[in-house]
Structure formats: structure tokens, C-alpha cells
Amino acid sequence: MECKSFIGAHDEHWEDDGLRSHQELEITLIMEGSDRFCAHGREARVEPGNVVLIPSEVPHSFHALSPIRFGVLLVDGIPPEVKELFNRLIQDDRTRIIALSHLDRERYERLFREWLRIHSSPLKDPLRNYLVWVELLLLFLSEHSHSDHQALSISFIGDYIRQHIRDPVQVSTLAEMAGLSDDGFRKQFAKIYGMTPKQYQQQCRLAEAKWLLSSSDKDLLTLAESVGFSQLHSFSLWFKKMEGCPPSEWRNRQRLYHH
């Protein structure tokens, strides 16, 4: 397996000199700026957070519309089971543009930058490292990508909930942010996340609480307040209902497990 990766930056006058193709699979994240992408006789505008997936040997070109920065991953010779992840993201061996929400774009970019660091380091087992990282990046895109505007709008609301886990969920406010009626918002949110906004916030709170319990020595009241509970008793009852044991016991189990 062969991998090439880089972050490119160009001014607004940059463009490919005609259509080009290559044998590698290509995954390009637009980090900053706007670009015109051409393939299959069609053009599409791509913006920050868009990921362009290009199968091998497909003629295509990029044309900057503003100063632009992008992260590129080119991969050739990947095993069938990993290539299947890529094939599931595209459709009928054609290029595809997917979108990441703001938070997920930041997370993918951090992963990509870490991959660049790994890729440029001396490794004992480079091929295995390359394979694991390519699979990780593809799995991330599979879990967090969106192809239509409505799904992306809902994912921005998901970002908002994750960033405001201490605040109560107000469906009417979130629906207004998404430009939908309350009922329309509930239906679209359930379609994308498989749960209600309130349930999603509870999952986010639980994930953050478990992370803090296992990775920090914060006292339980401080931890409870950081995930939206003003009283330790309420937090402890909620955590026990969600996880089956009190937070102090859960923390002790984690420490026993790791030691």
C-alpha cells in the first residue's frame, strides 16, 4: 500500500491545468476558502468542511475561487475490506462531495494533522500504521459526513447541543436556528441522530461525565456542574440511572481496571 499526504495552499488564481487523473483514491478536505470542482462533465462549488472523494482514474480538476487551503490523502493498493469503506462513501464509482459540520471538520483536521506527523516519522511497521490510519479516517468520514443541506443543518444543531450541554434543550429555539417548524425539526433530528434532541443531549452529557471521571481528579460537584447539574444528588441519581452505578463507583472501577 502506498500513501501520499499533504496540506496545500494556493491563492485565488490557482487552478489545475486541465483535467487530471491518477491511480490512487483521493480524499481532499477543504480547510479554508472556496473552490470549483469539476468531474463527470459537471461543476460544483466546494467550501470549508466539504470533503471530495475521487475514485481512481477519474478525470477531475480544482479551480480556486479564493485563497484556499486543503488536506489531501492519496492511497493506492489498500485491502478490499478497507476499500469497501471508501466505496460505501461514494456512489457508482463516481466522485462525491460530502460535508462535515464545524466541530467534525475541526476533529477531522486534527486527525489528519496527526496522520501527517505519523506519516513523516520513522516507523517500525509503516504499512500497518498506514492501513490503520487510512481506515480510521475513512471510518470517521463514514460516521460524520452529510450529503444534503438539510442533514448538514441538523448536524450544526447537534454541534450546538454538544457545545452547550449545560443548558436546557429548547426545541423551539433549536427549530428556529434550523429554519424549521418544531415538528419538522423533531422529525429531521430523529432521522439524522435516531433520537430526540433531549436524548442526544443526555448522551453527550454522559459521554462528557465519563470522560471527566476517568481522565481527571475533579471533585464530583465540580464535575456535575460542568455537565449541567447544580446539585450533586441530582447528578448522582441521573448517572446511576444512565450507567447502572453511582459516579464515584464508576470512577473507582475505571481506576481498578487500569491499575
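Helices are DSSP runs of H or I with at least four residues, numbered from the N terminus. In the predicted model described here, helix α9 is followed by G244, whose phi is positive, near 95 degrees.

Helix α9 covers residues 232-243, 12 residues in total. From its first C-alpha to its last, the helix reaches 16 Å, close to the 16 Å expected at 1.5 Å a residue. Within α9, the residues F235, W238 and F239 are buried. Viewed down the helix axis, the buried residues of α9 fall within an arc of 100 degrees, so they line one face of the helix. An α-helix has 3.6 residues a turn, so residues three or four places apart point the same way. H233 and K241 lie on the other side of α9 and are exposed.

An open sheet is formed by three strands in the order β4-β3-β6, with antiparallel pairing. Its edge strands, β4 (42-46) and β6 (60-64), each pair on one side only. On average, neighbouring strands of this sheet are turned by 20 degrees against each other, direction ignored. Strands of a sheet pair through backbone hydrogen bonds, either parallel or antiparallel. Strand β3 (residues 35-39) pairs with β4 over five bridges in the antiparallel sense. In this pairing, D35 stands opposite V46 of β4.

Strand β6 contains H60. H60 counts as buried because its relative accessibility is 0%, and buried means under 20%. Its side chain makes a polar contact with the side chain of E26, at 3.4 Å. Leaving aside neighbours within four places in sequence, the residues in contact with H60 include G18, L19, R20, F37, C38 and I54.

Note on methods: Residues numbered from 1 in each chain as written. Predicted model: local features only at pLDDT ≥ 70, side-chain atom pairs only at ≥ 80, totals over all residues. Heavy atoms only, no water. Pairing = 2+ DSSP bridges. Helix = DSSP H or I, 4+ residues; strand = E, 2+ residues; numbered from the N terminus. Axes fitted to C-alpha atoms, helices over the stretch in contact; angles between N-to-C directions. Buried < 20%, exposed > 50% of the residue type's maximum accessible area, 1.4 Å probe, protein only. Polar contact = N/O pair within 3.5 Å; in protein donor to acceptor, adjacent residues only side chain to side chain. Contact = heavy atoms within 4.5 Å. Expected span 1.5 Å × (residues − 1). Arc of directions from axis to C-beta.
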